[in-house]
Amino acid sequence: MTIDIPFIWIAFKEIIKALPITLILTIVPLLAGFLIGIGVALVRIYKMKFLYRIANGYVSFFRGTPIIMHIMVIYFGFPLLLDQLSLRFDLGIQTNKIPIILFVLIALTLAAGSYLSEIIRSGIISVSNGQMEAAYSVGMTKFQAMNRIILPQALAQSIPNFTNIFVGFLHTSSIAFLVSQKEVTGAANIVASVNLKFLEAFIAAGIIYWGITILVEGISFLLEKKVTAYNRGGVS
Amino acid sequence: MIYLQGIKKSFNQLPVLKGINLKIEKGEVVTILGPSGSGKTTLLRCLNFLEKPNAGIVQIGNIIVDSEKATKKEMLAIRKQSAMVFQHYNLFAHKTVVENVMEGLIVAKKVKKKDARHQSERVLEKVGLSDKLHHYPSQLSGGQQQRVGIARALALNPEVILFDEPTSALDPELVGDVLSVIKSIAQEGITMVVVTHEMSFAREVSNRVLFMDEGVIVEEGTPLEIFHAAKEERTRRFLQRISGESFFTPLKEQVN
Amino acid sequence: MGKAFDLMLIIEFIPTLIQYLGITLQILAASIILGLVLGIAAAIPRLYKIPILNQLVILYVSFIRGTPILIQLFLVFYGLPAILLLLFSIDITRMEAIYFVIITYAISNGAGFSEIFRAAIRAVDYGQTEAAFSVGMTSRQNFFRIVLPQAVRIAFPNMANSVIGSLKDTSLAFTIGVMDMMGRGDTLIAATAHALEVYLSLSIIYYIIVVMFEKIFSKLEKYFNRYQKADVTAVA
């Protein structure tokens with residue numbers, strides 16, 4: 001058993017074609033999860049009746065279980081649920097025609113929502129109470145204060161956390177290969193089994209993930225510098 | 001005109017304000033003195049419902065609110081009648097100097113952005129910050145930040161400006177600048193309620209001085225009456241201690 | 001796909017699955033202990049800026065942060081035997097899968113821990129070191145008596161998060177054939193065709209374990225912080 005270095009490059013060229021699916025599986029759940037995250041964070045901060053218990057349970061459960069469970073439960077559970085509904089209300093949905101990627105996206109979105117809500121919540125809490133009082137003192141409503149004063153600062157401060165979540169979900173999307181998605185890891189697996197060159201294929205996949213991670217961290221670093229410029233002292 | 005009747009406030013069953021009655025005429029500058037824990041800052045914060053009183057009536061201008069059944073709408077209406085200058089400035093950290101001043105005009109007063117900018121620049125000129133319009137608060141000294149805070153309040157042209165110990169977080173050499181700005185506003189006839197430890201300010205600028213202790217207004221009068229002919233023993237003792245402290249401060253600093 | 005959903009099966013499966021919790025915890029414990037050793041070893045060249053070693057550690061940490069654990073697992077699984085055979089003519093192709101998992105997770109944890117240690121030691125106020133020198137301590141005394149105890153307190157919450165993350169990551173060990181809870185779940189699915197129920201049972205088990213870990217860690221954190229003033233956080 002030796003390592004076929006030239007094959008790594010061949011595998012790389014093949015596997016990188018699957019990058020768009022990996023990016024879809026990363027970005028879509030994060031964007032949708034961001035909306036859930038803001039909603040859940042506000043529900044928890046303002047302790048809205050009943051809702052906040054549900055929100056607490058949701059965040060605790062999704063953060064407390066491996067993401068592979070979310071994918072599997074939704075992958076097996078959703079079609080069952082839809083079939084039942086379809087049967088009862090005669091909707092005529094054929095669950096076997098629903099692309100699997102949709103189930104993966106739903107699962108990852110729910111997971112992303114729970115993680116993002118924690119980040120947004122701690123971001124909001126970290127903005128000092130005085131900012132809220134100052135907003136009230138000039139005559140803003142609670143909504144205006146949240147929207148114009150608190151959230152912009154909370155989100156800017158959370159950029160490093162958002163980057164971590166982005167990288168985390170980029171990596172987590174590799175789990176989707178277990179439900180036969182042809183994203184980067186899935187493609188690597190295919191290249192590996194077809195050519196019986198496992199190590200080379202996974203090295204190539206590793207390089208792709210590594211490269212994207214470094215790129216994202218670099219962009220985030222620049223973005224953070226720009227967005228939190230207001231926080232640095234010193235007269236410019 | 002401001003009118004308070006029977007304002008009561010407790011924190012965790014600990015009464016901080018025990019029924020405050022107060023009337024302030026338009027254009028009056030009222031200073032509130034008192035030892036820490038006397039309830040003076042709480043009283044100020046009850047005026048714009050940053051603290052909601054447990055009982056009593058608050059009136060600013062033509063808005064009258066019964067605090068026991070105050071709705072969000074009423075609290076907002078009261079806040080739109082007033083503005084506040086905070087001890088720790090509380091400038092909006094993510095907005096520039098001019099944006100800080102514009103914010104209330106745009107959001108609460110619904111002024112057009114362009115007009116808000118003009119008005120804000122004018123007010124900032126008045127407090128001597130025309131050259132800092134596009135700086136962020138973190139790039140300013142404490143004294144400059146507090147002058148922005150004053151401009152932000154002033155721009156709203158409120159019935160009353162509430163000052164919550166506006167100079168107590170400042171380095172000693174910056175206090176003078178801020179005080180002189182507040183003085184110049186006072187002379188324009190804007191109604192002001194000032195909680196402060198600056199005795200010279202209270203003496204020179206205010207029309208009326210209130211002395212508070214343990215949640216009640218112990219004594220009130222003109223600066224002359226309070227500083228030179230206080231009727232209450234508590235007032236006299238407090239003033240004596242304050243002047244004693246200022247006598248000893250330089251020594252203490254040397255020791256440290 | 002599967003048979004009709006049966007709620008009772010979720011409860012029935014739990015005792016079968018939980019017998020394999022031991023394997024999961026073994027993987028976790030072994031990979032954390034090895035990871036601690038590796039993490040300390042990797043933090044030293046970074047803190048003392050030892051040339052070459054410092055750069056190697058940076059590369060190591062960057063690679064681990066940059067790739068999914070699944071890819072790391074495959075790289076170790078396929079790569080380690082190849083490397084050992086190539087360099088030392090040692091044949092480990094018959095080694096049990098669980099050891100590959102432990103090695104992977106140890107390498108992964110080591111990278112994370114080294115960063116946590118480094119940040120924690122940096123976070124201790126330099127005034128503490130100056131004070132230690134001022135009362136006549138040596139560098140070594142300062143490090144072990146003054147800096148390290150405070151660094152442990154700072155590092156603890158991040159370590160706790162890492163351990164919980166690692167626990168959830170163990171759910172991927174079955175992909176190279178380890179018979180842990182997930183592996184047993186797979187065989188249960190093959191035998192009963194009740195995939196959804198199996199994954200729900202597994203979710204419940206993982207959730208309970210994670211919550212237990214969180215409870216223990218928060219107790220420990222309180223203990224470490226006993227000489228700190230309570231942080232005043234104003235929740236809006």
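## Ground rules

Because the model is predicted, local features need pLDDT of at least 70 and side-chain atom pairs count only at pLDDT 80 or more, while totals for chains, interfaces and linings use all residues. Side-chain values use heavy atoms, with hydrogens and water left out; residues are numbered from 1 along each chain as its sequence is written, and chains are lettered from A and ligands numbered from 1 in the order in which they are written.

## Who touches whom

Two pairs of chains touch, and the pair with the most contacts is A and C (contact means heavy atoms within 4.5 Å).

Where chain B meets chain A, 27 residues of chain B and 23 residues of chain A take part. Together they bury about 2,200 Å², with carbon and sulfur atoms giving 58% of that. Buried area here is the accessible area (1.4 Å probe) that two parts lose on being put together, summed over both. On the chain B side, the residues losing the most area to chain A are Phe92(B), His94(B) and Gln139(B), together 24% of what that side buries.

## Chain A: helices throughout

Chain A has 10 helices and zero strands. For the bookkeeping, helices (H or I, at least four residues) and strands (E, at least two) are DSSP runs, numbered from the N terminus. The C-alpha trace of chain A spans about 70 × 60 × 25 Å along its principal axes. Of the 236 residues in chain A, 52% are buried; buried means under 20% relative accessible area, exposed over 50%, and partly exposed in between (1.4 Å probe, protein chains only). If you take contacts in chain A between residues at least 6 apart in sequence, 78% of them join residues at least 24 apart.

UniProt, in an unreviewed entry, lists residues 19–220 of chain A as "domain: ABC transmembrane type-1". UniProt positions are given in the numbering used here, feature names are shortened, and annotations may be inferred rather than shown by experiment. In the model, that span is 82% helix and 0% strand, and its end C-alpha atoms sit 20 Å apart.

## Two nonpolar cores

A nonpolar core is a set of buried Ala, Val, Leu, Ile, Met, Phe, Trp, Tyr and Cys residues joined through side-chain atoms within 4.5 Å. The largest one holds 110 residues, and the members touching the most others are Ile15(A), Phe169(A) and Tyr199(C). A second, separate core has 90 residues, including Met132(A), Ala154(A), Leu91(B) and Val98(B).

## The open sheet in chain B

Chain B has an open sheet of four strands in the order 2-1-4-5, with antiparallel pairing (two strands pair if DSSP finds at least two bridges between them). Strand 2 (14–24) and strand 5 (63–66) of chain B are the edge strands with a single partner each, so one side of each has no neighbour in the sheet. From one strand to the next, the twist averages 20°. Eight bridges link strand 1 (residues 2–11) and strand 2 of chain B, and Lys8(B) stands opposite Lys18(B) in strand 2.

Two helices of chain B pack on this sheet. Helix 1 (residues 40–47) touches strand 1, strand 2 and strand 4 (55–60), and its direction makes about 120° with that of strand 1. Helix 2 (residues 72–81) touches strand 4 and strand 5, at about 135° to the direction of strand 5. Axes are lines fitted to C-alpha atoms, for helices over the stretch in contact, and angles run from 0 to 180 degrees between N-to-C directions.

## Loop residues worth a click

Asn12(B) has a phi near 50°, a positive value in a residue other than glycine. Asn12(B) belongs to the loop between strand 1 and strand 2 of chain B. Is Asn12(B) buried or exposed? Its relative accessibility is 76%, so Asn12(B) counts as exposed. Asn90(B) also has phi near 50°, in the loop between strand 6 (82–85) and helix 3 (97–107) of chain B, but Asn90(B) counts as buried because its relative accessibility is 12%.

Lys231(B) lies in the loop between helix 8 (223–229) and helix 9 (233–255) of chain B. With 68% relative accessibility, Lys231(B) counts as exposed. Neighbours within four places in sequence aside, Lys231(B) contacts Glu219(B) and Arg236(B).
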